[in-house]
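Dear colleague,

Please find the structure below, together with its sequence.

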Amino acid sequence: MILVYPGSFDPVTNGHLDIIERAACICDKLIVAVGNNESKRPAFTVEERVEMIRESIGERENIEVTSFTGLLADFAKKVGARAVIKGLRAMSDFEYEFQMALLNKKLEPELETLFMMTSVQYSFLSSSAVKEIARNGGCIDGLVPDCIKDRIEGKLTCR
Ligand code: ADP
């Protein structure tokens with residue numbers, strides 16, 4: 001079974017990686033799909049976001065990292081995915097994700113949306129928090145993989 005894990009990943013955090021690792025264990029192939037949505041005004045280009053995820057996970061037999069434009073439902077169908085997997089941190093994620101899941105079901109009835117609970121140590125972690133901390137010169141150790149820390153700080157920290 002192919003699963004798609006979509007998101008902005010602007011940038012990828014240890015919370016995302018936890019979901020990636022756990023999701024990869026329950027499917028044959030996991031496609032991590034970086035949304036190319038300029039209206040969200042991302043801090044990193046889509047190429048940078050894909051590269052940072054690839055660097056963080058290394059070569060993995062059943063994980064593919066790519067980007068997509070347009071509707072997630074269309075992308076999922078194109079790659080032959082049975083379901084989309086989303087992470088849930090708190091009740092506050094639920095309402096938005098519930099709406100998206102129902103919309104995608106309407107667009108593509110055969111496509112399921114699965115939810116995976118965050119691991120408790122990452123329940124407070126978001127890409128926007130990481131950016132806010134880095135922009136203000138705070139320490140992002142433990143929030144993002146070590147191998148991409150310098151890149152994030154280099155791009156966001158005001159000197
Ligand atoms: P954000 O900018 O909120 O961090 P993304 O759009 O990059 O989010 O998130 C992609 C997916 O990863 C979403 O399903 C989101 O709920 C999930 N996610 C983000 N951070 C975490 C976390 N710390 N734990 C579990 N899931 C997460």
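A polar contact is here a pair of N or O atoms within 3.5 Å; within protein, one must be able to donate a hydrogen and the other to accept it, and residues adjacent in sequence count only if both atoms are side-chain atoms. By that criterion, a backbone N or O atom of Leu125 lies 3.0 Å from a nitrogen atom of the ligand. The protein buries 88% of the 550 Å² that the ligand exposes when taken alone (accessible areas come from the Shrake-Rupley method with a 1.4 Å probe; for residues, only the protein chains shown count as cover).

Please note that the model is predicted: local features need pLDDT of at least 70, side-chain atom pairs count only at pLDDT 80 or more, and totals for chains, interfaces and linings use all residues. Residues are numbered from 1 along each chain as its sequence is written, and side-chain values use heavy atoms, with hydrogens and water left out.

A polar side-chain atom of Thr118 is 2.9 Å from a nitrogen atom of the ligand, and a polar backbone atom of Phe9 is 2.9 Å from an oxygen atom of the ligand. Thr118 and Phe9 are also among the residues that come nearest to the ligand, with Tyr5, Gly87 and Tyr122, out of 18 around it (a residue is near a molecule or strand if one of its heavy atoms lies within 4 Å of it). This shell divides into six nonpolar, eight polar and four charged residues (Ala, Val, Leu, Ile, Met, Phe, Trp, Tyr, Cys and Pro count as nonpolar, Asp, Glu, Lys and Arg as charged, and the others, Gly among them, as polar). At least two shell residues are supplied by each of β1 (2-7), α1 (14-24), β4 (83-88) and α4 (91-107); helices (H or I, at least four residues) and strands (E, at least two) are DSSP runs, numbered from the N terminus.

Phe9 lies in the loop between β1 and α1. Its phi is near 50 degrees, a positive value in a residue other than glycine. The loop between β1 and α1 also holds Pro11, which is joined to Asp10 by a cis peptide bond with omega of about 0 degrees.

The ligand sits in the largest pocket, in the sense that more than half of its atoms lie within 2 Å of the grid points. On a 1 Å grid over the protein atoms alone, a pocket is an open set with protein on both sides within 12 Å along at least five of seven lines, whereas a cavity is a set of points where a 1.4 Å probe fits but cannot get out; lining residues have an atom within 4 Å of a point.

The volume of the largest pocket is about 1100 Å³ (the space filled by probe spheres set on the grid points, which are joined across faces, edges and corners). Pro6, Gly7, Ser8, Lys40 and Lys86 are the closest to its centre among 40 lining residues. α4 provides the largest share of this lining, seven residues.

There is also one cavity of 30 Å³ or more. The largest cavity holds about 40 Å³ of space, and α4 gives the most to its lining, with four residues.

Yours sincerely
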